[in-house]
Amino acid sequence: MTSDEQQGHASHTGRTSPPAVTVDQPKINDYTGFAEAYTSENETNLINAHYERPAMLALAGDVAGRRILDAGCGAGALFAALRDRGALVSGFDASAGMLELARRRLGEGADLQVADLGSPLPYADDTFDDVVASLVLHYLEDWEPALAELRRVLKPGGRLIASVDHPFVVATMHRQVGRAAEYGYFDTTNWTEEWTMDGQTALISLWHRPLHAMTDAFTAAGFRITVISEPDPDPAARELFPEAIAAQPRFLCFLFFVLQAD
């Protein structure tokens with residue numbers, strides 16, 4: 001699925017290079033500044049609500065009684081779904097604004113903390129049965145510190161369930177806009193997207209890395225890859241987004257991993 005085809009997907013709409021000169025240019029990755037707009041779209045759109053989150057929940061399977069860390073939990077949609085399935089969930093995010101929305105959804109008793117993925121996390125060793133990292137790793141240039149911390153807080157045999165921008169899709173999008181020479185598939189490269197959500201514009205900095213760089217990083221951190229998934233959309237999407245699904249009943253967008261802490 002190309003950037004033009006990904007209707008409703010915040011992280012692939014209207015990608016542009018940042019303008020050289022602008023008035024009141026938004027901050028990069030200012031999730032607190034556009035938390036309400038981002039969450040409004042993320043809650044109901046095709047790509048997040050009816051593709052990515054259902055895929056993450058399907059990969060997690062039966063989570064009743066399991067202790068789960070939601071890494072980069074945002075406004076708490078995945079946290080809430082896991083909790084509804086009987087999991088004992090904790091979550092962190094770098095954005096205080098997103099966590100405020102999560103507290104509104106989840107209640108003041110929810111275990112939510114401000115923390116940066118890639119920095120030391122406020123959890124003890126061997127605490128969690130699972131970690132879910134939903135569309136967060138591709139914000140990082142260096143995965144090594146983040147994966148080391150996630151491995152540390154997982155119990156032996158625990159799972160890291162992660163979703164990232166599909167590297168083939170990212171490379172295709174760059175090629176379609178004539179930037180293949182600047183952003184080669186086999187390179188680890190940074191670029192900025194311009195998102196428009198609910199009439200609000202935000203600049204987002206993301207990192208592309210090829211598939212082999214992802215798998216190498218996972219294994220170097222002590223994870224064994226048990227699943228790599230390119231799922232179908234949620235069946236409900238056929239009724240909610242009939243034109244989009246009729247045009248592409250299957251598409252590439254995100255890549256999903258289940259990793260076991262050895």
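Which residues of helix H6 (residues 167-176) are buried? They are Pro-167, Val-169, Val-170, Ala-171, Met-173 and His-174. Here, buried means under 20% relative accessible area, with exposed over 50% and partly exposed in between (1.4 Å probe, protein chains only). Helices (H or I, at least four residues) and strands (E, at least two) are DSSP runs, numbered from the N terminus.

A quick note on what you're looking at. This is a predicted model, where local features need pLDDT of at least 70 and side-chain atom pairs count only at pLDDT 80 or more, while totals for chains, interfaces and linings use all residues. Residues are numbered from 1 along each chain as its sequence is written, and side-chain values use heavy atoms, leaving out hydrogens and water.

Back to H6: its buried residues pack against strand S5 (154-165), S6, strand S7 (200-208), helix H7 (211-220) and strand S9 (254-261), with contact meaning heavy atoms within 4.5 Å. Just after H6, Gly-178 takes a positive phi of about 75°.

Now for the aromatic rings. Searching the whole structure turns up 16 aromatic pairs. Rings of Phe, Tyr and Trp (its six-membered ring) pair if their centres lie within 6.5 Å; planes under 30 degrees apart count as stacked, over 60 as edge-to-face and the rest as tilted.

| Pair | Centre to centre | Angle between planes | Type |
|---|---|---|---|
| Tyr-31 and Trp-195 | 6.2 Å | 80° | edge-to-face |
| Tyr-38 and Trp-195 | 5.9 Å | 20° | stacked |

Tyr-31 sits in the segment before helix H1 (35-44) and Trp-195 in strand S6 (residues 189-197), so that pair links parts of the chain 164 residues apart. Tyr-38 lies in H1 itself, so its pair with Trp-195 ties together parts 157 residues apart in sequence. Tyr-31 is buried. Tyr-38 counts as buried at 14% relative accessibility, and Trp-195 does too, at 1%.

On the H1 side, Asn-42, Glu-43 and Thr-44 meet Leu-46, Asn-48, Ala-49, His-50 and Arg-53 in H2.
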